[in-house]
Every structure is written in structure tokens, then in C-alpha cells.
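I opened a new structure today and kept notes as I went. Here is the entry.

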Amino acid sequence: MVFIAKPLARVIEEFNKLPGIGPKSAQRLTYYLLSSSGEEAKALAEAILALKEKIRLCSICFNITDCDPCLICQDKERDHSKICVVEKPSDILPLERTGKYNGVYHVLHGAISPAQGIGPGELKVKELLSRCQDGSVTEVIVATNPNIEGEATAMYLQRMILPLGICISRLARGLPFGAELEYADDVTLSQALECRQEF
Ligand SMILES: [Zn+2]
């Protein structure tokens with residue numbers, strides 16, 4: 001890039017750092033911006049700046065938000081005695097889409113993984129426990145992922161929350177809708193059997 005003007009090279013280099021963007025795409029995007037109106041480039045730059053400046057974590061549930069507390073925590077129509085615990089902020093969206101949950105959330109920002117050296121101290125567990133201790137929470141629903149880390153996290157939370165006299169449950173596991181028994185893996189099938197429900 002010796003023959004490229006410095007400001008150009010700088011933008012190409014920055015685009016190149018983004019996931020899924022190789023050197024060619026980085027060049028194409030940079031030249032596109034150069035040929036576009038100043039307004040367009042400015043709008044992009046401002047949007048990126050605002051993303052980092054205005055987005056933060058809700059001080060109650062640790063969801064990503066641009067206002068604190070977040071809109072869910074502020075919502076008086078919601079049942080604040082129920083907390084659904086998830087691993088990532090992006091896990092909230094599919095749960096909201098079901099339209100079946102009217103409580104609030106708590107984002108752990110990860111899951112317990114001894115293999116990766118991630119313990120409860122690395123997650124927002126302490127904050128969850130202090131929410132559970134303020135007397136207003138009656139139910140915690142653990143919606144961590146159905147894998148080893150998610151299971152370990154759920155077990156740990158159960159151990160910590162049960163003594164507080166709070167009802168704690170885990171999302172039911174089992175066969176996905178439309179699945180055929182014949183093709184289900186052993187773990188899924190045994191969990192479906194364990195979590196069987198009365199008709
Ligand atoms: Zn919140």
C-alpha cells in the first residue's frame with residue numbers, strides 16, 4: 001500500500017480488521033466511501049461513534065441498552081417478581097418473540113466453564129444474587145444454553161438461589177418441534193424422557 005494516500009490506507013486497514021472483510025472488500029468499501037457524498041461517510045462515522053458512546057449495560061439486568069435502566073426494567077406492566085436468567089443479551093430476543101414471558105431478565109454475560117477458567121466471579125452472578133435478596137423476587141427461570149457450560153451454570157445457580165426460598169426452574173429440554181424420535185440424539189432423548197409432562 002505504499003502508493004496509496006495515507007488516509008485511504010488507514011481506512012482500508014480498519015475495514016480489514018472487521019470479521020468477514022478481506023483486503024479486497026476493505027479496498028472496495030473504502031473507495032466507495034471516497035466516491036460517496038460527504039454526508040454518507042459522516043453518517044457512517046457518527047453511527048459507529050454513537051454505538052460505542054451511547055450503548056451500555058443496564059445497571060439492573062445487564063442487557064445492552066441506550067437508557068439506564070433498560071426499557072424492560074423500566075416497564076411497569078412487567079412482572080418484576082420473575083427473573084429469567086440468560087447467558088447473552090441476544091438470548092432475550094427469541095424469548096421475547098414467544099410472547100409468553102412477561103417477567104424481567106438478567107444477563108450473565110457468559111456461562112461457567114472450568115475448562116476456560118470462567119467461574120461465577122467472571123459473570124454477573126453476584127449481581128443476580130443481590131437482586132434475589134431484595135425480597136421482591138419470587139421466581140427465577142434459568143434459560144442458559146443446553147450444553148455443558150449452561151448446565152454447570154444452572155446447577156450453580158440452583159445451589160445458590162434455592163436456600164433463599166425462591167422458586168427456581170430451568171427451561172424444559174427435549175425434542176424440538178417437528179423432530180422425529182428416530183433421529184434424536186441420546187442426550188436430547190433422555191432429557192425429553194426426564195422432563196416428561198403429565199397430559
Ligand atoms: Zn434492564
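These notes go site by site, and the model is a predicted one.

**Zinc site**

I began with the metal. Which atoms coordinate the zinc ion? I found the SG atoms of C58, C61, C70 and C73, at 2.3 Å.

Then I checked the geometry. The four donor atoms subtend angles of 105 to 115 degrees around the zinc ion, so the arrangement is tetrahedral. For reference I noted the ideal value: four tetrahedral donors have angles of 109.5 degrees.

C70 counts as buried because its relative accessibility is 2%. C73 has 10% relative accessibility, so C73 is buried as well. The cut-off I used for buried is under 20%.

**Backbone around the cysteines**

Where is the cis peptide bond? It joins D68 and P69, and omega is about -5 degrees. I placed P69 in the loop between β2, residues 64-65, and α4, residues 71-74.

I found F62 in the loop that runs between β1 (56-57) and β2. Is F62 buried or exposed? F62 is buried, since its relative accessible area is 11%.

**The loop between β4 and α6**

I moved on to H109. Phi of H109 is near 65 degrees too, again positive in a residue that is not glycine. H109 sits in the loop between β4 and α6. With 30% relative accessibility, H109 counts as partly exposed.

S113 is in the loop between β4 (103-107) and α6. I noted a relative accessible area of 3% for S113, so S113 is buried. Which residues does S113 touch, leaving aside neighbours within four places in sequence? I listed I118 and E149.

**T153 in helix α7**

E149 came up again when I turned to T153. T153 belongs to helix α7, which covers residues 148-161. The T153 side chain reaches the backbone oxygen of E149 at 2.6 Å. I logged 0% relative accessibility for T153, so T153 counts as buried. I then set aside the neighbours within four places in sequence. Beyond those, T153 is in contact with L108, A111, I112 and T144.

**How α6 and α7 pack**

I compared the axes of α7 and of α6, which spans residues 125-132. The two axes come within 11 Å and cross at roughly 35 degrees. Which residues make the contact? From α6 I wrote down V125, L128, L129 and C132. From α7 I wrote down Y156, L157, M160 and I161. Is the crossing left-handed or right-handed? I recorded a right-handed crossing of α6 past α7.

**G22 and a distance check**

My last stop was G22. G22 lies in the loop between α1 (6-16) and α2 (23-35). G22 counts as partly exposed because its relative accessibility is 27%. I also took a distance from G22 to V187. These residues are 165 residues apart along the chain, and their C-alpha atoms are separated by 39 Å.

Conventions:
Residues are numbered from 1 along each chain as its sequence is written. This is a predicted model: local features need pLDDT of at least 70, side-chain atom pairs count only at pLDDT 80 or more; totals for chains, interfaces and linings use all residues. Side-chain values use heavy atoms; hydrogens and water are left out. Helices (H or I, at least four residues) and strands (E, at least two) are DSSP runs, numbered from the N terminus. Buried means under 20% relative accessible area, exposed over 50%, partly exposed in between (1.4 Å probe, protein chains only). A polar contact is a pair of N or O atoms within 3.5 Å; within protein, one must be able to donate a hydrogen and the other to accept it, and residues adjacent in sequence count only if both atoms are side-chain atoms. Contact means heavy atoms within 4.5 Å. Donors are N, O and S atoms within 2.8 Å of the metal (3.2 Å for Na, K and Ca); water is not among the atoms, so sites may look incomplete. Four donors count as tetrahedral if all angles lie between 85 and 135 degrees; four count as square planar and six as octahedral if opposite donors are over 155 degrees apart and all others between 65 and 115; anything else is irregular. Axes are lines fitted to C-alpha atoms, for helices over the stretch in contact, and angles run from 0 to 180 degrees between N-to-C directions. A crossing is left-handed if the near helix is turned anticlockwise from the far one by less than a right angle, and right-handed if clockwise.
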